[in-house]
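Please keep the sequence and the 3D view open side by side.

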Amino acid sequence: MAEPPPTLLQKALTVDTKFSHYLHSKFHTRLPIFFHLILEISADFRFSFPISLSLLFALPLPSLLPFFSSLLLGLLLDIATVGLVKILLRRPRPPYNHLSSMSTPVSADHFSFPSGHSSRVSFVAALVFLYKEVMEVAAVEAREKGGVFGSWVGEDGKLVDVVVVGVCVWAIVTAVSRVLLGRHYFFDVFAGFCLGVIEGVFAFRVLRFDDILRFFSVQRSMKFKQRES
């Protein structure tokens, strides 16, 4: 009995597998392995979430509270969404992925679709782009306050443009690195990147708790002033 012809999905996965293996075998040695691993760590939730939380308290600028509220809630939404989809679809990672150099703290990390690192970096990049005007206001606020951070901003306000471009470049390079490193297939990364952009728009429009953050920020400022006095 003849086997049924492959479905359109099976054909797409075959092309994805071959294309991903070609990219990995052709280009993964062009950059040192530690460069890929640094990008991997920079986009890890266990690194990005604490850093984001630290920046919230390190940069006491009220105008940035909406950004940080969307960022923190969006990161939580992203890891929950990616984990759920991975568990439901359970696509294995590429066979040439080196598990010995990879940390898998939860069972969902053993699966490949979608790429959580790609969704995370594109989410952050989308959010930074959408909050560009808010960051420009924060830059003016920081410049008026003075101090070390205020001196970094400068008079021309170019720092915000540099940050936006830098974050977008980091997101793209990190996403490409996931395929070259052999962690994911190309379609995993593409789907993850698209998911992150959608999450960024959703977080920008819906996920905000800046009123709560503003309350804690005011309390923190009052305690700081009391200690100074």
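A salt bridge here is a side-chain nitrogen of Lys or Arg within 4 Å of a carboxyl oxygen of Asp or Glu. R46 is partly exposed, with a relative accessible area of 46%, while D44 counts as buried at 16%. For these labels, buried means under 20% relative accessible area, exposed over 50%, and partly exposed in between, with a 1.4 Å probe and protein chains only.

Before going further, a word on what you are looking at. This is a predicted model, in which local features need pLDDT of at least 70 and side-chain atom pairs count only at pLDDT 80 or more, while totals for chains, interfaces and linings use all residues. Residues are numbered from 1 along each chain as its sequence is written, and side-chain values use heavy atoms, with hydrogens and water left out.

Now step back to the whole chain. The protein chain has ten helices and zero strands; helices (H or I, at least four residues) and strands (E, at least two) are DSSP runs, numbered from the N terminus. Of its 229 residues, 41% are buried. Taking contacts (heavy atoms within 4.5 Å) between residues at least 6 apart in sequence, 81% join residues at least 24 apart.

Which residue forms a salt bridge with E40? The partner is R183, and the closest N and O atoms of the pair are 2.7 Å apart. Because E40 lies in helix α2 and R183 in the loop between α8 and α9 (186-205), the pair ties together parts that are 143 residues apart in sequence. E40 is buried, at 11% relative accessible area, and R183 is buried too, at 1%.

Helix α8 takes part in another such link. D161 forms a salt bridge with K132, with 3.1 Å between the closest N and O atoms. D161 lies in helix α8 and K132 in helix α6 (residues 132-145), so this pair ties together parts that are 29 residues apart in sequence. Both ends are partly exposed: D161 has 32% relative accessibility and K132 has 23%. The count of salt bridges comes to eight, and D16, R91 and D188 are linked in a network of them.

L31, I33, F34, F35, I38, V165, V169 and V173 make a nonpolar surface patch of about 700 Å². Patches are made of residues with over 30% relative accessible area and no salt bridge, where like charges are joined within 9 Å and nonpolar side chains (Val, Leu, Ile, Met, Phe, Trp, Tyr) within 5 Å. α2 (33-42) and α8 (158-180) each supply at least two residues of the patch, and the largest share, four residues, comes from α2. V165 is found in helix α8 and counts as exposed at 53% relative accessibility.

Finally, compare the model with the record. An unreviewed UniProt entry lists residues 65-89, 159-179 and 185-207 under "transmembrane region"; UniProt positions are given in the numbering used here, feature names are shortened, and annotations may be inferred rather than shown by experiment. Residues 65-89 are 100% helix, with the end C-alpha atoms 36 Å apart. Residues 159-179 are also 100% helix, and their end C-alpha atoms lie 31 Å apart.

Note on methods: Accessible areas come from the Shrake-Rupley method with a 1.4 Å probe; for residues, only the protein chains shown count as cover.
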